[in-house]
Amino acid sequence: MHVLTVDHISKTYGEKILFQDVSFGVETGDKIGIIGVNGTGKSTFLQVVAGIEPPDSGSILVAGGVTVRMLSQDPQFDPEQTVLEHVLGGDSPQMVAVRAYEEALQALELLPGDAGLQERLVRANQRMAELDAWGIESEAKIALSKLGIASYGAKLGTLSGGQRKRVAMAAALIQPADVLLLDEPTNHIDNESVAWLEGMLQKRKGALLMITHDRYFLDRVSNRTLELDKGKAYFYTANYSKFIELKLDREEREASSEAKRKNLLRNELAWMRKGAKARTTKQQARIQRFEALNAAAPEKANGKLEVSVASTRLGKKIIELEGLTKAFEGRTVIRDFSYIAVPEDRVGIVGRNGLGKSTLLKLISGKLEPDAGEVRLGPTVKLGVFSQEREEMDESLRVIDYIRESAERITTGDGTNITAGQMLERFLFPPAQQWTPIAKLSGGEKRRLQLLRVLMEAPNVLLLDEPTNDLDITTLTVLEDYLDDFPGVVFTVSHDRYFLDRTSERIFAFEGDGMIEQHVGNFSDYQQYAAQYGSRSGTNAGTGGATAAERKTEAASVPPAATGNDPALPTKMTYKEQKEFESIDSDIEKAEAALAAVQTKMEVSSSDSATLQDLLKEQQELETKLEQLMDRWAYLNELAEQIAANKKK
């Protein structure tokens, strides 16, 4: 059944074209995923389809009797309304009947002998039966419970922003709608809730249009994909995996077409340069053809978002968590937790909302103090914190000034020195946009800007709290690539299963009552282990860090600590190793300084080929030496940790 038609709609924001001349139809059973880079107008597009925003041109045609509902990113609430009242709100006949029945029942409880109220309850009862509405309240409570909301009578004004978003999600799922529009439905909900929502939407019979960055979610729920790119809309009858394949095919065809266009353009340009006079119809036609070919050049594609920012080198000691305990209002969220971070650690932190995941990051960063235990940071640690709560930004600042507050220029991972403006271009902020106030950016663009500012400070330990919220798939893909090469340590709280699979090698699973279990592997490995053995049987919540070798060899879970000394582990370093361990940091620093001096000499001697050849040879020798020192540093660091671990047993 055809339920909705989008007919040649266009929308601009100031001088920027968000989308232009978009047309398509929606059938019952269509599940359309909407994707695109932040700032391309995805949320505005959904609001136009919902009738909240008017299009500049074109129209939205809704079939007779069809109901369209939308869950926006920032839904509106009556702070005095209770959770259940909000979920059972709306003007559908079923919701009206449920509320009428509840009101009649409550009134009769106050005056049990009132004949008029008894008659009112009978009529409400009959209406509920006519509309088959008896299961709605039960479904509402189930949805709220699955989304992590247990207090149905709580006033909305007392809830956090994330909790209110989940209440709105429950309302959107429960209230009848032929076309449901969801804007970032997986934000602010945990992994268990995402999995439940995924199943709900898979079974849903009505049409669905949704914006989400969750690639597993898109892949499993959507059967059509709409991509917004530079004002144009591209449609694919495919889920996310198939969309990637079809998009590559389209871009290859476009590249082939562009190569042919350029070849024709070269021929036409050669003819034009001969100075041919436009006296004949044939010559005039060739001039017009040249102009048409020239005008047909495709729009410049989005640049690759590059984040090859240099990080500060870490010393031997990174982060040591010993016996951490933290409670709020008598409820323990972290209980006697210990861990020693090792070089290139990649830790994903998962668990239901409210169990203390963000609290752990705040303890590490020093924003909170533990009730017991200790957090020890190494002297070379430079934290970069990308918080779930949006940083207070002075939105009157221009984009470039906000970044310049952090650094005027930086040295990238490949040694290139670039300005703040050049770095912004790498982050898909073109020069014209760099001079606009932050207030004019979309929510996702602001998050991208905040991420750039964090990375511009060259941290060597990253604490990422729900980094996938509000970031588009393009940004996430490049962030994942960046983390692949990041030489420091990363702790990530996330509900995005794909992101965790791509970036984590160890999982901290919050299991409730303050217990944190550790599992080696990515999120899918953890899920598989938990499904097979149960979530509490695999690990000791207080086990320490693992070495790089352990990360490669352990398959599913950190085993319980052995009792007694392990004879396989070394008990001390040799005299030579100890002396080398004490001096290796300074040796590395000297090698780095020598390499930097050679690179400076190369810049000065760029016109002297003989000197340049000698310096190039010296540079290669120093790079080889530095690489050997770094490998030796990693070995000695692991050896020291093994010795320390054996002594503690």
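Mentor: Let's start with cavities: on a 1 Å grid over the protein atoms alone, a cavity is a set of points where a 1.4 Å probe fits but cannot get out, and its lining residues have an atom within 4 Å of a point. By this rule the count comes to 1 cavity of 30 Å³ or more. The model is predicted: local features need pLDDT of at least 70 and side-chain atom pairs 80 or more, while totals for chains, interfaces and linings use all residues. Residues are numbered from 1 along each chain as its sequence is written, and side-chain values use heavy atoms, with hydrogens and water left out.

Trainee: What volume does the largest cavity have, and which element gives the most to its lining?

Mentor: About 100 Å³, where a volume is the space filled by probe spheres set on the points, joined across faces, edges and corners. Helix α11 gives the most to the lining, with 4 residues. At least two lining residues come from each of α11 (357-365), β14 (383-386) and β17. The lining includes Ser-358, Lys-362, Phe-386 and Asp-465.

Trainee: What makes strand β18 largely enclosed?

Mentor: Buried means under 20% relative accessible area, exposed over 50%, and partly exposed in between (1.4 Å probe, protein chains only). In β18 (residues 489-493), 5 of the 5 residues are buried, so the rest of the structure largely encloses the strand. Val-489, Phe-491 and Val-493 point one way, Val-490 and Thr-492 the other, and all are buried.

Trainee: How do you know whether the length of α7 agrees with what a helix should span?

Mentor: The expected span is 1.5 Å times one less than the number of residues. For the 13 residues of α7 (residues 191-203) that should be 18 Å, and the end C-alpha atoms are 19 Å apart, which agrees. Among the buried residues of α7 are Trp-196, Leu-197 and Leu-201. Asp-190 caps the N-terminal end, with a side-chain oxygen 3.3 Å from the backbone nitrogen of Glu-192.

Trainee: Is Asp-30 buried or exposed, and what makes its pairing with Arg-224 a polar contact?

Mentor: Asp-30 is buried, at a relative accessible area of 12%, and lies in the loop between β2 (16-27) and β3 (31-35). A polar contact is a pair of N or O atoms within 3.5 Å; within protein, one must be able to donate a hydrogen and the other to accept it, and residues adjacent in sequence count only if both atoms are side-chain atoms. The side chains of Asp-30 and Arg-224 make such a contact at 2.9 Å. A polar side-chain atom of Asp-30 also lies 2.8 Å from the backbone nitrogen of Glu-27.

Trainee: Why is Glu-344 called partly exposed?

Mentor: Its relative accessible area is 47%, which puts Glu-344 in the partly exposed class. This residue lies in the loop between β11 (331-340) and β12, and has a positive phi of about 60 degrees although it is not a glycine.

Conventions
1 Å grid on protein atoms, 1.4 Å probe; cavity = no way out; pocket = protein on both sides within 12 Å on 5 of 7 lines; lining within 4 Å.
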